[in-house]
Amino acid sequence: MFPGLKLATVIWGSQRVLEQLEWYQTKKETHRGQFVKKLLRYAETGFAQWQGADRPIRHEWDQVFRIGDTSNLFRVIGFYGAGNHAEFIALDAYLKSGTKLSAAERERIDRVSDVRAKGAWRKVEQ
């Protein structure tokens, strides 16, 4: 997602993630681009430093993680691709409807888990 930059965690984003980030920062986000700036900061310093129960990167289930922020309900979900924190495969992004996960949001996480488990993804540089 941030080509040409030296990052501790490289983020690979699906077309859906890129579209949702663009939509969020132009239509919904109060301070335009803040979420993307935080995402870049997490990637620069490494996702491991930002991961935990009360941190912006949290484990959901089945090795799927969500990246969020306490000031909003926008989420990016994905998984680690290299078996460590060197790369993160971001497959979906959405604006939550409330503080608890809805059935539709749980299904989204399950779909990301299925893709990870089946290895049904590939990296393409653009």
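These legends describe close-up views of a predicted model. Local features need pLDDT of at least 70 and side-chain atom pairs count only at pLDDT 80 or more, while totals for chains, interfaces and linings use all residues. Residues are numbered from 1 along each chain as its sequence is written, and side-chain values use heavy atoms, with hydrogens and water left out.

**View 1. Helices α1 and α2 cross at roughly 130 degrees.** Helix α1 covers residues 15–28 and helix α2 residues 34–45 (DSSP runs of H or I, at least four residues, numbered from the N terminus). Their axes come within 9 Å (lines fitted to C-alpha atoms over the stretch in contact, with angles from 0 to 180 degrees between N-to-C directions). L21, Y24 and Q25 of α1 meet F35, V36 and L39 of α2 (contact means heavy atoms within 4.5 Å).

**View 2. Strands β2 and β3 form a hairpin.** Strand β2 (residues 57–61) pairs with strand β3 (residues 64–67) in the antiparallel sense over four bridges (strands are DSSP runs of E, at least two residues; pairing needs at least two bridges found by DSSP). R58 stands opposite R66 in β3. Two residues lie between the strands, and D62 in the turn has a positive phi of about 50 degrees.

**View 3. The largest nonpolar core has 21 residues.** Such a core is a set of buried Ala, Val, Leu, Ile, Met, Phe, Trp, Tyr and Cys residues joined through side-chain atoms within 4.5 Å (buried means under 20% relative accessible area, with a 1.4 Å probe and protein chains only). F47, I57, I67 and V76 have the most contacts inside this core. Helix α2 gives the largest share, four residues.

Technical notes:
Buried < 20%, exposed > 50% of the residue type's maximum accessible area, 1.4 Å probe, protein only.
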